[in-house]
Amino acid sequence: MSLSGLCQVCEAAMASHACDRCGRAVCDDHWDETVRACAGCAAGPR
Ligand SMILES: [Zn+2]
Ligand SMILES: [Zn+2]
């Protein structure tokens with residue numbers, strides 16, 4: 001898993017976090033620090 005690419009949610013900003021749940025690399029805007037998961041997983045049913 002590399003963090004050198006773009007955020008896999010918006011594909012507009014550099015990814016700076018890797019989600020442990022789905023494995024996607026996401027930018028700060030799409031990272032939820034409180035649950036330590038990407039925005040998609042943080043907003044999901046689990
Ligand atoms: Zn993003
Ligand atoms: Zn995720």
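Predicted model: local features only at pLDDT ≥ 70, side-chain atom pairs only at ≥ 80, totals over all residues.

Residues are numbered from 1 along each chain as its sequence is written, chains are lettered from A and ligands numbered from 1 in the order in which they are written, and side-chain values use heavy atoms, with hydrogens and water left out.

**First stop: ligand 1**

Select the zinc ion (ligand 1) together with Cys7, Cys10, Cys27 and His30, which coordinate it through SG of each cysteine and ND1 of the histidine at 1.9 to 2.3 Å. Donors here are N, O and S atoms within 2.8 Å of the metal (3.2 Å for Na, K and Ca), and because water is not among the atoms, sites may look incomplete. The four donor atoms of the zinc ion (ligand 1) have angles of 100 to 117 degrees among them, and the site is tetrahedral, a term that requires four donors with all angles between 85 and 135 degrees. Along the sequence, these donor residues follow the spacing C-x2-C-x16-C-x2-H. Cys10 lies in the segment before β1 (17-18) and Cys27 in the loop between β2 (25-26) and β3 (31-32), so the pair ties together parts that are 17 residues apart in sequence. Strands such as these are DSSP runs (E, at least two residues), numbered from the N terminus.

Is Cys27 buried or exposed? Cys27 counts as buried at 4% relative accessibility, whereas Cys10 is partly exposed at 32%; buried means under 20% relative accessible area, exposed over 50%, and partly exposed in between (1.4 Å probe, protein chains only).

**Second stop: ligand 2**

Move on to the zinc ion (ligand 2), where the SG atoms of Cys19, Cys22, Cys38 and Cys41 coordinate the metal at 2.3 Å. Its four donor atoms subtend angles of 106 to 117 degrees, and therefore the arrangement is tetrahedral. The donor spacing in sequence is C-x2-C-x15-C-x2-C. Colour by accessibility if you can: Cys38 is buried at 0% and Cys19 is buried at 3%, while Cys22 is partly exposed at 37%.

Now select Cys7, Cys19, Val26, Cys27, Trp31, Ala37, Cys38 and Cys41, the eight residues of the largest nonpolar core. Such a core is a set of buried Ala, Val, Leu, Ile, Met, Phe, Trp, Tyr and Cys residues joined through side-chain atoms within 4.5 Å.

**Fourth stop: backbone and charge**

Most residues other than glycine have a negative phi. Select Glu11, which is not a glycine and yet has a positive phi of about 55 degrees; Glu11 is found in the segment before β1 and counts as exposed at 58% relative accessibility. Arg36, also not a glycine, has a positive phi of about 50 degrees and sits in the loop between β3 and β4 (37-38).

Which residue forms a salt bridge with Arg36? The partner is Glu33, with the closest N and O atoms 2.4 Å apart, where a salt bridge means a side-chain nitrogen of Lys or Arg within 4 Å of a carboxyl oxygen of Asp or Glu. A search of the whole structure finds one salt bridge.

Notes. Tetrahedral: all angles 85-135°; square planar, octahedral: opposite > 155°, others 65-115°. Helix = DSSP H or I, 4+ residues; strand = E, 2+ residues; numbered from the N terminus.
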